[in-house]
Amino acid sequence: MSNEGGTVKALSGMLPEELFSSLELDKKFRAKQIFKWIADGARSYDAMTNLPAALRDTLSSRFRIFSTSILSTMKDPDGTVKLQIGLSNGSAVETVLLTDAAGRKTACVSCQIGCPMGCAFCQTGHIGYERNLDAGEIVEQFYHLEDAVGRLDNIVFMGMGEPMLNLEAIRKSIAILTSPEGRGLSRRRITVSTSGLCKGIRDLADNGPDIRLAVSLTAADPELRDRLMPVNVSNPLPELRSAIAYFTEKTGRRVTLEAALMAGINTDDAHARQIADFARGLNVHVNLIPWNPVETLPFTTPKGGETRSFLKKLEAYGLNVTLRTRRGETIGGACGQLGRSAGIAATGSGSRRPEDEADDEPWMG
Ligand code: SAH
Ligand code: SF4
């Protein structure tokens with residue numbers, strides 16, 4: 001079963017109704033059984049023991065359960081695990097497991113092969129862009145990690161790619177993972193991170209799903225942000241600010257502003273004041289990420305003192321700030337390092353949560 005891009009469409013990316021029609025099943029409850037089996041870890045038809053043997057035989061000759069496979073597994077001494085996942089068209093993406101001090105496990109998944117946004121400080125932005133992942137390719141990253149390390153607590157769309165450019169597949173992957181008939185993951189345990197595409201932020205606010213949002217601000221100086229993040233040229237700061245305000249008003253959720261910190265680039269007093277001005281009146285929390293080294297890029301990680309002093313300045317302006325602990329550095333699995341080992345052939349360039357839960361996210365370190 002192939003779709004237009006020549007990639008294999010697998011069962012993993014289908015909700016029960018679609019399984020029922022695509023597999024030409026005669027009973028609806030069979031589709032629900034298959035959906036539940038996949039969420040529960042069945043990776044072969046033989047494992048689906050409540051299906052009649054004849055049906056298992058027919059299905060296995062016609063449909064694949066997964067379209068992807070694990071090519072390699074890398075482990076960092078800090079507990080971070082990075083999977084390199086091979087796709088049916090021969091490309092690869094990376095998925096990372098982050099574990100916090102309390103032992104909570106978070107999947108950091110990719111939504112595109114490469115990324116077209118071209119942020120100056122990000123490895124993924126420099127490997128070129130190939131295509132969007134489909135819903136099955138996204139949920140399989142989560143399932144592969146669960147198969148490897150056991151039950152996960154959270155999922156963040158902070159791997160390779162820009163989620164707002166692939167919102168429909170992301171919506172479908174979230175519908176699959178949150179379905180009570182399947183994995184039943186809570187929407188509160190899902191975060192989507194965008195470089196700042198206002199249309200997508202508003203679309204998410206209007207049409208859901210009701211999940212957490214992180215926005216990669218990095219700098220609130222318009223000229224610097226133009227240079228570091230080309231998205232700023234077509235989505236300037238005042239528009240981004242009003243899209244964030246719209247999201248928080250519509251959803252009641254606090255938004256996380258992320259800032260990758262680069263020594264001598266965006267860490268002085270003026271930058272702290274500009275971020276504080278941007279954040280004033282918004283229901284936001286700031287998460288600082290000291291830049292994770294990418295060999296070929298001309299930036300350096302700020303020393304501890306530079307980072308701490310920037311954090312203190314933001315706090316002095318009344319902002320709620322956390323500093324993300326670096327994770328997975330030895331395996332190139334930290335934020336912005338994904339893609340180095342992916343072997344990508346570049347083809348071109350619900351329920352409301354209490355406010356105090358905002359700090360309770362493992363990916364914030
Ligand atoms: N494309 C989305 C999500 C993936 S990037 C986005 O940009 O939000 C996830 C986070 O990593 C973003 O906040 C991004 O600014 C940050 N990042 C990218 N490269 C980095 C690097 N080398 N060091 C630290 N953070 C980085
Ligand atoms: Fe893409 Fe995010 Fe990297 Fe920018 S930071 S290039 S949007 S993955």
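I looked up the spacing of the domains: the C-alpha centres of domain 1 and domain 2 lie 32 Å apart. The contact takes 16 residues from domain 1 and 18 residues from domain 2, where contact means heavy atoms within 4.5 Å. Domain 1 covers 4-62 and domain 2 covers 69-331, with bounds from an automatic or database domain assignment.

I noted the ground rules next. This is a predicted model, in which local features need pLDDT of at least 70 and side-chain atom pairs count only at pLDDT 80 or more, while totals for chains, interfaces and linings use all residues. Residues are numbered from 1 along each chain as its sequence is written, chains are lettered from A and ligands numbered from 1 in the order in which they are written, and side-chain values use heavy atoms, with hydrogens and water left out.

**Overall form**

I looked up the elements and found 11 helices and 12 strands in the protein chain; these are DSSP runs numbered from the N terminus, helices being H or I with at least four residues and strands E with at least two. The C-alpha trace spans about 70 × 40 × 40 Å along its principal axes. I compared the radius of gyration with the rule for a compact globule: for 365 residues the rule gives near 21 Å, and the chain has 21 Å, which agrees. The radius is taken over C-alpha atoms, and the rule is 2.2 Å times the number of residues to the power 0.38.

**Between the domains**

I looked up the buried area, which is about 1,300 Å² between domain 1 and domain 2, with 55% of it on carbon and sulfur atoms. This is the accessible area (1.4 Å probe) that two parts lose on being put together, summed over both.

I counted three salt bridges between the domains, each a side-chain nitrogen of Lys or Arg within 4 Å of a carboxyl oxygen of Asp or Glu. D147 forms a salt bridge with R43, the closest N and O atoms being 2.8 Å apart. On the side of domain 1 that touches domain 2, helix 1 (16-22) and helix 2 (28-39) each supply at least two residues. Helix 2 gives the largest share of that side, five residues.

**Other entries**

I found 18 salt bridges in the structure. In one of them K32 meets E181 at 3.2 Å, N to O. K32 lies in helix 2 and E181 in the loop between helix 5 (167-178) and strand 8 (190-194), so the pair ties together parts 149 residues apart in sequence.

A cis peptide bond joins G208 and P209, with omega about 5°; P209 sits in the loop between helix 6 (198-207) and strand 9 (212-216). E24, a residue other than glycine, has a positive phi near 50°, and its place is in the loop between helix 1 and helix 2.
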